[in-house]
Amino acid sequence: MAKTQTPLTFPEPPKELTGGRFMELLKFFGPGAIMASVTIGTGEVLFASRGGAVFGYTMLWAFVLGAIMKGFQTYSANRYIVLTGEHPFARWADLFPGPRGWFPVLMGVLSVACFPAWGAGVPGTLATLFAQIFGIMSSQAWATILILLAWGMFLAGGYDAMEKVQIAIIAAMVLAVLVAVVAAKPDWLAALEGSFIPQIPHYAPWIAEKYPSIASRPVWVEVVTYLGAIGGGTYDYIGYTGLMREKGWGILGRSDIREIEEKLVALKTGEQVPLSTDPDEVRKGLAWAKAPMMDNIVCYGLLVLFTIGFMVNGANILHTQQQIPAGNDLLTHQVQFLTLIHPVLKYLYYLAVTFALFGTAYGCHQGYVYTFRETFAPVSKTIREYPVSKMRIWTSAYTAIGGLLLTWTGWNPVAIVTPASIVGGVLTGGIWCLAMYYTDRKMLPKPYQMKPWVGIAVIISGIAMTAMGVISVLQYFKVIPG
C-alpha cells in the first residue's frame with residue numbers, strides 16, 4: 001500500500017447491506033435492469049430461439065454457462081469500482097507493460113467500433129417484424145424510424161426514468177417467457193440433459209437443404225455469435241460498470257470522489273489502492289460489495305431464465321417444424337410460443353417483443369455513453385472532466401448515425417451483428433476476465449480481494465471465452481476451416 005496516501009475509508013453502508021437478507025438486498029437491483037434489458041432484445045428473443053431451432057436442446061449448456069461466465073466478468077469489475085472508486089480501465093492504463101494506456105484504448109476501440117452494429121442490428125430486427133405485420137414501408141424505413149425514435153427519447157430522458165422503464169420491460173418479458181414455456185410442454189428430460197451434459201453441436205441435414213446460408217457458416221461462428229449476443233458484451237459492460245457511479249455505492253458515494261480519482265491516477269508502479277485495512281473499514285467495504293453482487297445475481301439470473309425459456313421453445317417448437325429465424329424473417333416464427341395457448345396472445349408476443357427490442361435500442365445509448373467515457377478517460381484528463389450530460393449527445397449521435405448508415409447497406413441484422421458479437425461479446429470478454437483477476441490481486445489489499453473460488457471462476461471464464469473468441473475470429477475470416 002502506498003505510504004504517502006491517506007487511507008481511503010467508506011461511507012456507512014445502509015442497514016440492508018449489513019443485514020444481508022435476500023429480499024432486502026433486492027432493492028440494489030438497478031443498473032442490472034438496464035443491462036438485462038439491453039441484451040434481452042436480440043440475445044434472448046432472437047439468438048436463443050435461433051439456437052434452439054438450429055441445434056435443438058444440445059446447446060443449452062453452452063448458453064447457460066456463457067451467461068454465468070459473463071456474470072463473473074461483470075461482477076469482478078463492478079466490485080472493483082465500488083471498492084476503489086476507479087473504473088478498472090483507469091487502472092489498466094498503467095498496470096500493463098508498454099506505452100501508457102494502450103490496453104484500455106485497444107479494448108475501447110474494439111468496443112466503440114461495435115456501437116453502430118448494435119445501433120442498426122437491434123432496430124433492424126424489430127423493423128423486419130413491423131414490415132411484415134403492417135405491410136407498409138420497407139424494413140429499412142421502419143428501422144430508420146426506430147433508430148431516430150430511440151435516439152430522440154434518449155436525449156429527452158434521463159437515467160432514473162430509463163431505469164423504471166427497463167424494470168417494467170423485464171417484468172413483462174418474465175411473464176411472457178414463463179407462460180410460453182409452460183404452454184409448450186417441452187421434453188424436460190432432454191432440456192435437463194442439454195443444460196448439464198456438454199455436447200458438440202452440428203447442423204442437421206435439413207438445415208443445408210432449407211437454410212443453405214446458415215449451413216455455410218462455420219458451426220463455431222454460429223455458436224459464438226449466440227454467446228456474444230446473449231448477456232451482452234464488453235461494449236455494454238464497460239458502460240455497465242460505469243453506471244455504478246450513478247448509484248453512489250461504496251467509495252463512489254464520497255463527495256470528494258473526483259479528487260480520489262485523480263489521486264489514484266497518480267499512484268506509482270507497485271502501489272496498491274490505499275484502502276484502509278482497519279477491520280471496521282473492511283467490514284463496511286465488503287458490505288458495499290454486496291450491492292453489485294446482488295445487482296449481478298438478479299441481472300444474470302433473469303438472463304439465464306430468458307435464455308432457457310426462448311431456447312427450449314426454439315428446440316421444442318421451431319426445431320421440430322424445421323423453422324429457423326433467418327435472413328429478414330427473424331421474429332415471426334416465435335409467435336407460436338404464445339399462440340399455442342390462444343391465437344389472441346399473438347398480440348402479447350408482439351407487444352413484449354416490441355418493448356424488449358425497443359428497450360434494447362433505447363438502453364444501448366445510455367450504456368455506450370459510459371463505455372466511451374471509461375475507455376478513454378484514463379488517457380485523457382479532458383474526457384475525465386468533460387460533463388457526461390454533453391458527452392451523451394455525441395456518443396448517441398455516433399451510434400444512431402452509424403446505425404442508419406449500416407441499415408441502408410441492405411445487410412440483414414444477423415450479418416451486421418456477427419463480427420461485433422464475436423469480438424466484443426466473447427473475445428474481449430475473455431481478455432477482460434484475465435486482466436481483472438490480475439488487477440484484483442495486484443491492486444487490492446488482501447482483505448478486499450475476491451474469494452479464491454470467485455477468482456478461479458473468473459480465470460476459467462477468461463480462458464474459455466478467449467479461446468472461443470480466437471477460434472471463431474479465425475474461422476470467420478477463413479484463416480482456419482470451419
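Which helix holds Thr125? Select residues 115-134: this is helix α7, and Thr125 is found in it. Keep in mind throughout that the model is predicted.

**Stop one: Thr125**

Show the side chain of Thr125. Thr125 counts as buried, because its relative accessibility is 1% and the cut-off for buried is under 20%. The Thr125 side chain reaches the backbone oxygen of Gly121 at 2.8 Å.

**Stop two: helix α5**

Next, select residues 88-95, which form helix α5. How many of the 8 residues of α5 are buried? The count is 7, so the helix is largely enclosed by the rest of the structure. Colour the buried set: Pro88, Phe89, Ala90, Arg91, Trp92, Ala93 and Leu95.

Then bring up what surrounds them. The buried residues of α5 pack against these helices:

- α4 (60-84) and α6 (102-112)
- α14 (234-242) and α16 (257-265)
- α20 (346-376) and α23 (413-443)

**Stop three: Val181**

Move to helix α9, residues 159-184, and pick Val181 within it. Is Val181 buried or exposed? Val181 is buried, because its relative accessible area is 12%, against a cut-off of under 20%.

Which residues does Val181 touch, leaving aside those up to four places away in sequence? Select Pro186, Trp188, Gly309 and Asn313 to see these contacts.

Finish with a distance. Pick the C-alpha atoms of Val181 and Gln73: they are separated by 29 Å. Along the chain, Val181 and Gln73 are 108 residues apart.

Terms used. Residues are numbered from 1 along each chain as its sequence is written. This is a predicted model: local features need pLDDT of at least 70, side-chain atom pairs count only at pLDDT 80 or more; totals for chains, interfaces and linings use all residues. Side-chain values use heavy atoms; hydrogens and water are left out. Helices (H or I, at least four residues) and strands (E, at least two) are DSSP runs, numbered from the N terminus. Buried means under 20% relative accessible area, exposed over 50%, partly exposed in between (1.4 Å probe, protein chains only). Contact means heavy atoms within 4.5 Å. A polar contact is a pair of N or O atoms within 3.5 Å; within protein, one must be able to donate a hydrogen and the other to accept it, and residues adjacent in sequence count only if both atoms are side-chain atoms.
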